[in-house]
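User: I would like to learn how to read salt bridges and a helix from a model. Could you take me through an example?

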Amino acid sequence: MGLRIYNSLSRELEEFTPLKDGHVSIYSCGPTVYDYIHIGNARTALVTDIIRRYFEYRGYNVKLVQNITDVDDKIIARANANGISPSQLAHANSQAYFDDTQRLGIQPADVHPRATEHIPEMIELIQTLIQKDAAYVVDGSVYYRVNAFKEYGKLSRRKPEDLLAGARVEVDERKEDPRDFDLWKAAKPGEPYWKSPWGNGRPGWHIECSSMAMKHLGETIDIHIGGEDLLFPHHENEIAQSELATGCTFARYWVHIAFLKIDGSRMGKSEKNFIFLRDALDKHPAEVIRHFLISAHYRHPLDYASDSLHTSESAIKRLTNCLQALKKIAETADSTQNQKSSDEDKCLMAAIQTMQTRFAEAMDTDFNTAQAMGTIFSLITQVNKSLMDPTEVSIKTLKKAYNVIRETSQILGIYSMDEKNVEDTFTYLKPLLELLLEIRQDARNKKDWDTSDRIRDRLKQINIEIQDSHDGSTWKLL
RNA sequence: GGUGGCGUAGCCAAGUGGUAAGGCCAGAGUCUGCAAAACUCUCAUUCGUCGGUUCGAUUCCGACCGCCACCUCCA
């Protein structure tokens, strides 16, 4: 059974077959950089990251493109409020975006195109649409003529009459049809603008994704990812623009990520109920936040509660403890020695194999991270049981368990001990050593030299040196 | 008004036409001089309500109740 993806276009789970054998092209709708991202935004970025990692794990050559929207109404408004230029604001926040996402363990995309660096491509695409009679100019603005695209609504399954019945469609007299949308917006005084055949102005929101996706990935891309709120109108409009211009399918699989909720409702910037990712990262390790964000399937809403991250923290601790125990054995023991063929050993080996199969099945079924994590934790229980009496299992089997758990955890990004830097280790070590020194001081006070020396000697073996002086003991790493 | 989704133990959350993964919490235990930590075990005859289809439904169908989202910028 191959990899299956739920395609929002067909509303069905579909077998994934790439356009080009062994390659996957992915376009992900990135942030509008008028502020820091919150953990709800991070969910989409994280799911994208895991989808990419899993494709790579399965041997695909992945090209991921994620745009940065660096000019729009909100950026202009925020920049004005802060007394800086829109480009300064966009620059600072896009840098913050990279900082925050990398702290969460998200690898940068292969290309991060910016809207303001693709104005010529957008103008060209708009001109094509005008030539095809799919767009019209009014007072320096250009609108897309929705009626020109027969399949309009195929993604969101909205009928024209449904849209018009909705009370929230604002009627712009200049539009031929209320559903028509901006391709190019004529500049208002004081706004940033670019020169165009229709006068000074700036691009509409949807056109940037069409232009940049096609420029960097070609006229047809494999997978287009975004938050579920983008399905309409953003993605519907992208399809309309792109497919009418090229005559090709724009994206073959549409992946939409459900919202992160907080206290039962959507976490959103306009709702002002968000938590910045960077604030969460200041309080919790990246693996903990990742664990929480992928503890539900990406198409289901996930509710953030005050102790959600504490729950994840405990779970991650369980994972880490098991891996550390295994690592110790894997690194110190000689696997050629202990050759067991006990029932215990066979049982553990079977559990490892079962887990590998189930993990792959879970991820192959529309990237079911919640189920995939379940398989990891099931194996952990098995391993811990074996570890209670390690003489009954072979080192080889334990090493296998270590490698399998580590590898799968790293696909999900919930284990990164290998990447921890010295400073992190130092932070863990410090209180531990202080405690040791305290105990040792007690022993010394009782003239328990046996204990005192043992502590000093053993620490020396792991390259930690204790030095005694009149006013207490100190330690240092050698 | 239109469209889509959800309702599974104290909490979070997978999943399936054949009788419920996993995590957290809690209880019991192992270990320990005592704690802590760690580990082990236990923890839903039941999947919003009521009907229907079926040998059998939590899973399919219908109705109802409750919640959420999109239709306006939002991941």
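User: Is Asp 222 buried or exposed?

Analyst: Asp 222 is buried: its relative accessible area is 3%, and the cut-off for that label is under 20%. Keep in mind that this is a predicted model.

User: Which side chain does Asp 222 meet in a salt bridge?

Analyst: The general idea comes first: side chains of opposite charge can pair when their charged atoms come close. Here the partner of Asp 222 is Arg 252, with 2.7 Å from N to O. Arg 252 counts as partly exposed, at 21% relative accessibility.

User: How many salt bridges does a search of the whole structure find?

Analyst: The search returns 23 salt bridges. One of them joins Arg 58 and Asp 364, whose closest N and O atoms are 2.8 Å apart. That pair links distant parts of the chain, 306 residues apart: Arg 58 sits in the loop between helix 1 (39-57) and strand 4 (61-66), while Asp 364 is in helix 11 (residues 343-364). Arg 58 is partly exposed at 31% relative accessibility, whereas Asp 364 is buried at 8%.

User: Which residue forms a salt bridge with Arg 299?

Analyst: That is Asp 366, and the closest N and O atoms are 2.8 Å apart. Arg 299 is in the loop between helix 9 (286-293) and strand 13 (302-304), and Asp 366 is in the loop between helix 11 and helix 12 (369-388), so this pair ties together parts 67 residues apart in sequence. For Asp 366 the relative accessibility is 1%, which counts as buried; Arg 299, with a relative accessible area of 31%, is partly exposed.

User: Which residues are linked in a network of salt bridges?

Analyst: Look at Asp 73, Lys 185, Glu 191 and Arg 202, which are joined in such a network.

User: Now for a helix. How many of the 13 residues of helix 6 are buried?

Analyst: The count is 11 of the 13, so helix 6 is largely enclosed by the rest of the structure. Among the buried residues are His 206, Glu 208, Cys 209, Met 212 and His 216.

User: What span does helix 6 reach from its first C-alpha to its last?

Analyst: Helix 6 (residues 205-217) reaches 19 Å, close to the 18 Å expected at 1.5 Å a residue. Gly 218 follows helix 6, and the phi of Gly 218 is positive, near 100°.

How values were computed: Residues numbered from 1 in each chain as written. Chains lettered and ligands numbered in written order. Predicted model: local features only at pLDDT ≥ 70, side-chain atom pairs only at ≥ 80, totals over all residues. Heavy atoms only, no water. Salt bridge = Lys/Arg side-chain N within 4 Å of Asp/Glu carboxyl O. Helix = DSSP H or I, 4+ residues; strand = E, 2+ residues; numbered from the N terminus. Buried < 20%, exposed > 50% of the residue type's maximum accessible area, 1.4 Å probe, protein only. Expected span 1.5 Å × (residues − 1).
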